[in-house]
Amino acid sequence: MSSTLMLDLEKKWFESFHKLHLEFLIIPAVVITLATLLANPVLLTCICLSRALRQETRYLLVANTLMADMLFLIFNLTTMIYNTVRAQIPWRVCELITAVSVIAYCCAILTVTLMVVDTYTAVRWPLQYHDILPPARTRRILVGMWVLAAVYPFIVLILMEIHRSNSHEKVRVCLALISFSFLQIKDTLGIHIFFFVAAIICAIMICYCYVRLYMVTRTQGIWQSRFSRARVTLLAHAVLLLLYFAPGFVFIVELYLFDRKDISQELRVWINTANVCVFMLLPRALAPYLYGMRYREISDTLLILVQRNRRPSQNTVS
């Protein structure tokens, strides 16, 4: 894509954004992001400072999800601010931000999928569970997960760096959709396949584990009560998983609509802004509170840390 076409696309995007008065979505999105960036480190601190929590697979998975969410939120907030104030940034910085955001998002999806697999494994093979997923193996799996999530985005970034003619251009809009065009990716079939196949595989694994989990536990009486812990936990997990996966499918729709000439620019801007400022933030804003309420060990550790901090201050006052 030439610089003239790129500038024209940026101009149209800005005009549509301000014409629709979508700035009202930016302020609450920034507030929610900052609130989540304050809550996530608290839970991470509880897990890191407790040796007992660090030795359990489920809490390692929670910590990895929180770290991936924090990384995504930081770069998503950066792009929102840049796009709102119309600051020009080098295209390399924009593409690096885009690549890291995609990696963090994919890693969060993979981790929540692994959390379902972990729950199924613990229920299906309780005696062999610690041998199947010990903490050391879980850490290696998480490292491999980050590498797997990073392979495709960085390969695309390197290939586009090789074939790019002008490496000193600056952009006023840093969005994944425009980035693909800016990187001269004319055939987006590979991008569609990457996101769609990854989402389908994770969704199939989650559905299989939940169905098998229900079949294994249905004779144990834990599903008889309408407000049983199992039902509430399943409902909370299902809502959180839906919120995590929904933005990915919306992004696939965005990729499909991007080159459609019969779709108005205003509609594409609306969908993208709603996805970035609402749908992608909802699961990350709810996750720390759902994890804190579901896992009593985390809330108990937090209370212990708060009490420890209060005692020195009380002694100082006295």
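The model is predicted, and in it the protein has 13 helices and two strands. Of its 318 residues, 45% count as buried.

**Overall make-up**
- Among contacts between residues at least 6 apart in sequence, 85% join residues that lie at least 24 apart.
- The accessible surface of the protein comes to about 17200 Å², and carbon and sulfur atoms account for 68% of that surface.

**Packing of α2 and α4**
- Helix α2, which covers residues 26–49, packs with helix α4, residues 57–85, at an angle of about 155 degrees, and their axes are 9 Å apart.
- Because angles over 145 degrees count as roughly antiparallel, α2 is described as roughly antiparallel to α4.
- The crossing of these two helices, α2 and α4, is left-handed.
- On the α2 side the residues that meet α4 include Ile26, Val30, Leu34, Leu37, Leu44 and Ile47, while the α4 residues in this contact include Tyr59, Val62, Leu66, Met70, Leu73 and Leu77.
- Sorted by class, the contact of α2 with α4 has 19 nonpolar, four polar and one charged residues.

- Tyr105 lies in helix α5, which spans residues 91–124, and it counts as buried because its relative accessibility is 11%, with the cut-off for buried set at under 20%.
- Leaving aside residues up to four places away in sequence, Tyr105 touches Phe72, Tyr244, Phe245, Pro247, Gly248 and Arg284.
- Ala68 is 37 residues from Tyr105 along the chain, yet the C-alpha atoms of Tyr105 and Ala68 are separated by 6.9 Å.

Terms used. Residues are numbered from 1 along each chain as its sequence is written. This is a predicted model: local features need pLDDT of at least 70, side-chain atom pairs count only at pLDDT 80 or more; totals for chains, interfaces and linings use all residues. Side-chain values use heavy atoms; hydrogens and water are left out. Helices (H or I, at least four residues) and strands (E, at least two) are DSSP runs, numbered from the N terminus. Buried means under 20% relative accessible area, exposed over 50%, partly exposed in between (1.4 Å probe, protein chains only). Contact means heavy atoms within 4.5 Å. Accessible areas come from the Shrake-Rupley method with a 1.4 Å probe; for residues, only the protein chains shown count as cover. Axes are lines fitted to C-alpha atoms, for helices over the stretch in contact, and angles run from 0 to 180 degrees between N-to-C directions. Angles under 35 degrees count as roughly parallel, over 145 as roughly antiparallel, 65 to 115 as roughly perpendicular and the rest as oblique. A crossing is left-handed if the near helix is turned anticlockwise from the far one by less than a right angle, and right-handed if clockwise. Ala, Val, Leu, Ile, Met, Phe, Trp, Tyr, Cys and Pro count as nonpolar, Asp, Glu, Lys and Arg as charged, and the others, Gly among them, as polar.
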